[in-house]
Structures are given as C-alpha cells and as structure tokens.
Amino acid sequence: MLWKFTPRERAREAWIIGLFLQSITWVSGLFVVEMKWISYPVALFSRTNGVNRASFSFEFFLFPVVAILFSLNYPSQQPLWLRFLYYTVIIGFFTLMEVLLEWKTKLVQYHEWKWYWTFITVWISLFLNHQYYMYFKKKWLKG
C-alpha cells in the first residue's frame, strides 16, 4: 500500500511519520501488554515473545502504515467538521478491524481492554503523530 499510495517525493515525510509513530506505539503497546489488558497469543516472532509481548505486526507495521497514509492525505484545507469526520472514519475503521480480529481470531485477546480504549488511544496517537509531522514539515520547509 505504501508503494502505491505514497509519492516518491514524499518518502522522507513518510519515514518521519512512521518512525515517530513507532516510538509512541512501542512504549504504549508494551505498557498495555505488561498491565495484562491485552494479549497477543499468536505472535509473528514467537521466539522473542517472552521478551516483547506486544504485537510486532500492529506496533511496527500496520499502525505506522495507517498513520503515514492518514497524515499524507490529511485534508488540512477543509472545514473543521470534515477533518473531524476524517479522523472518525479512519479511526473507526481501524478500531472495527481490531474488534473483528479479537472476536474472530486468536491474534488479539482483550482482558481488561474495551473497544473504546482502542478508539481513544488510536485517536491520541494519530493526533500527536500528525502534530509532530506538521511541526517537522514546517521546520523542514523553512530551512
């Protein structure tokens, strides 16, 4: 998806967005797993699962890809209600996918976690990440 929807001239921006989001999700993902609110019984790298029980696929691949596409296509020139709708649709779809994964597979197990916590934390993460991206872009374009 990234190769198809990220213009080559915006590759640096995509890297900044993805790497900054990974720094947010790595810490928060480990916290949530260590608190035993969520578990990931089936892991991509099962040998390292004893050390890092967070979801590698989610924290370092899926969510950063969503964040990159989210920020690169953010409708900043649109009215506030449309930007709010953009956040809600993207985060709602992402939350729905996680809820379906939790319900139908063994990839995610909620213990003390609820779907609305996913919605709230994804919203906060995307917001912080997008704000950093806008700050970086402003500084980068100046100098």
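1. Tyr74 and Tyr87 are both buried in this predicted model. Their rings form an edge-to-face aromatic pair, with 5.9 Å from centre to centre and 75 degrees between the planes. Tyr74 belongs to the loop between H3 and helix H4 (80-104), whereas Tyr87 belongs to helix H4, so the pair ties together parts that are 13 residues apart in sequence.

2. Ring pairs join Phe70, Tyr74, Tyr86, Tyr87, Trp123 and Phe127 into a cluster. In total, the structure holds 16 aromatic pairs.

3. The axes of helix H2 (residues 11-34) and helix H3 (residues 56-72) come within 8 Å and cross at roughly 135 degrees. H2 is therefore oblique to H3. The crossing of H2 past H3 is right-handed.

4. Which residues in H2 and H3 meet? Those in H2 include Ile17, Leu21, Thr25 and Trp26, and those in H3 include Phe60, Phe63, Ala67 and Ile68. Sorted by class, the contact of H2 with H3 has ten nonpolar, five polar and two charged residues.

5. Ser125 is located in helix H5 (residues 115-142). Is Ser125 buried or exposed? Its relative accessibility is 8%, and buried means under 20%, so Ser125 counts as buried. Leaving aside residues up to four places away in sequence, Ser125 touches Leu21, Ile24 and Phe63.

Terms used: Residues numbered from 1 in each chain as written. Predicted model: local features only at pLDDT ≥ 70, side-chain atom pairs only at ≥ 80, totals over all residues. Heavy atoms only, no water. Axes fitted to C-alpha atoms, helices over the stretch in contact; angles between N-to-C directions. Helix = DSSP H or I, 4+ residues; strand = E, 2+ residues; numbered from the N terminus. Parallel < 35°, antiparallel > 145°, perpendicular 65-115°, else oblique. Left-handed = near helix turned anticlockwise from the far one by under 90°. Contact = heavy atoms within 4.5 Å. Nonpolar A, V, L, I, M, F, W, Y, C, P; charged D, E, K, R; others polar. Buried < 20%, exposed > 50% of the residue type's maximum accessible area, 1.4 Å probe, protein only. Phe/Tyr/Trp six-rings, centres within 6.5 Å; stacked < 30°, edge-to-face > 60°.
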